[in-house]
Amino acid sequence: MTPPDPSYRPTILICDDHPVVRCGIRTLLPDERYRVVGEAADLAGTVEQVDRHRPTVLLLDLSFLGTLSLCVLPTVRAVSPATRVLMLTMHNDLDSARESLAAGAHGFLSKDAAAEELVAAVDALAAGGRYLDPALGASLLDRHTDPDGELSRREREVLGLIADGLTHPQIADELGLSVRTIEAQRASIKVKLGVSRRAELISYARRLRLSTTGGDR
């Protein structure tokens with residue numbers, strides 16, 4: 001397998017109606033890790049910027065001047081199907097999370113989250129996964145994911161190797177990926193399966209017959 005380009009940086013689009021918030025988010029995303037390709041201050045500008053840049057991850061404020069931004073998600077998907085959407089909000093409630101996931105968002109995070117939490121969420125989405133604010137509980141995704149069916153081929157490979165006892169660096173070497181990508185894949189797997197402990201991951205791997213050693217190594 002050809003190793004990933006070490007110079008690759010996921011592209012990020014930041015959309016929020018507050019300039020200070022956009023600036024703050026940008027400072028939390030390390031330049032050596034991501035490439036912020038644009039910003040938007042309203043919903044029309046969001047669609048325009050998505051169409052222009054086709055970002056890897058769209059960071060989208062849930063509310064623009066009192067209007068829910070979920071209405072633009074169908075258009076975002078139409079103009080850039082590969083873009084993953086992380087909803088950001090000051091109102092970290094269950095109903096908003098459910099509505100966002102049902103509307104097609106791939107992640108949901110409070111603006112009160114720590115910097116490392118934002119980075120973890122962006123990494124998970126950039127790797128093709130999902131992310132839900134831990135304060136809300138991963139069980140919310142149960143309505144929108146099938147634990148046995150929605151794991152990607154890569155996630156199934158990673159889960160099997162985790163159950164076989166390999167460390168993140170060993171898995172990265174085995175699959176020709178970066179350790180950061182493996183960490184993001186693991187985070188996505190945990191969210192999709194609604195689990196938090198390694199023992200639970202091993203149990204799922206056995207159930208799906210992904211482990212070659214039974215997780216005893």
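## The annotated aspartate

An unreviewed UniProt entry annotates Asp-61 as "modified residue: 4-aspartylphosphate". The structure described here is a predicted model. In that model, Asp-61 sits in strand β3.

Is Asp-61 buried or exposed? Its relative accessibility is 5%. The cut-off for buried is under 20%, so Asp-61 counts as buried.

What does Asp-61 touch, leaving aside its neighbours within four places in sequence? Its contacts include two further aspartates, Asp-16 and Asp-17. Cys-15, Ser-69, Met-87, Leu-88 and Lys-111 are also in contact with Asp-61.

## The largest nonpolar core

The largest nonpolar core has 21 residues. Six of them touch the most other members: Cys-15, Leu-58, Leu-60, Val-85, Met-87 and Phe-108. Which helices and strands each supply at least two residues of this core? The strands are β1 (11-15), β3 (57-61) and β6 (84-89). The helices are α2 (43-53), α3 (73-79) and α4 (94-103).

Cys-15 and Met-87 are among the core residues that touch the most other members, and both are in contact with Asp-61. Strand β3 supplies at least two core residues and also holds Asp-61.

## A second core

A separate core has 19 residues. Among them are Leu-151, Leu-159, Ile-162 and Ala-163.

Helix α7 covers residues 168-175. Its buried residues are Ile-171, Ala-172 and Leu-175.

The face turned away from the buried side carries Asp-173 and Glu-174, both exposed. Gly-176 follows α7, and its phi is positive, near 70°.

## The chain as a whole

The chain has nine helices and eight strands. It contains 217 residues, and buried residues make up 47% of them.

How much of the contact set comes from residues 24 or more positions apart? Among contacts with a separation of 6 or more, such pairs account for 63%. The chain exposes about 10,400 Å². Carbon and sulfur atoms supply 51% of that area.

Technical notes: Residues are numbered from 1 along each chain as its sequence is written. This is a predicted model: local features need pLDDT of at least 70, side-chain atom pairs count only at pLDDT 80 or more; totals for chains, interfaces and linings use all residues. Side-chain values use heavy atoms; hydrogens and water are left out. A nonpolar core is a set of buried Ala, Val, Leu, Ile, Met, Phe, Trp, Tyr and Cys residues joined through side-chain atoms within 4.5 Å. Buried means under 20% relative accessible area, exposed over 50%, partly exposed in between (1.4 Å probe, protein chains only). Helices (H or I, at least four residues) and strands (E, at least two) are DSSP runs, numbered from the N terminus. UniProt positions are given in the numbering used here, feature names are shortened, and annotations may be inferred rather than shown by experiment. Contact means heavy atoms within 4.5 Å. Accessible areas come from the Shrake-Rupley method with a 1.4 Å probe; for residues, only the protein chains shown count as cover.
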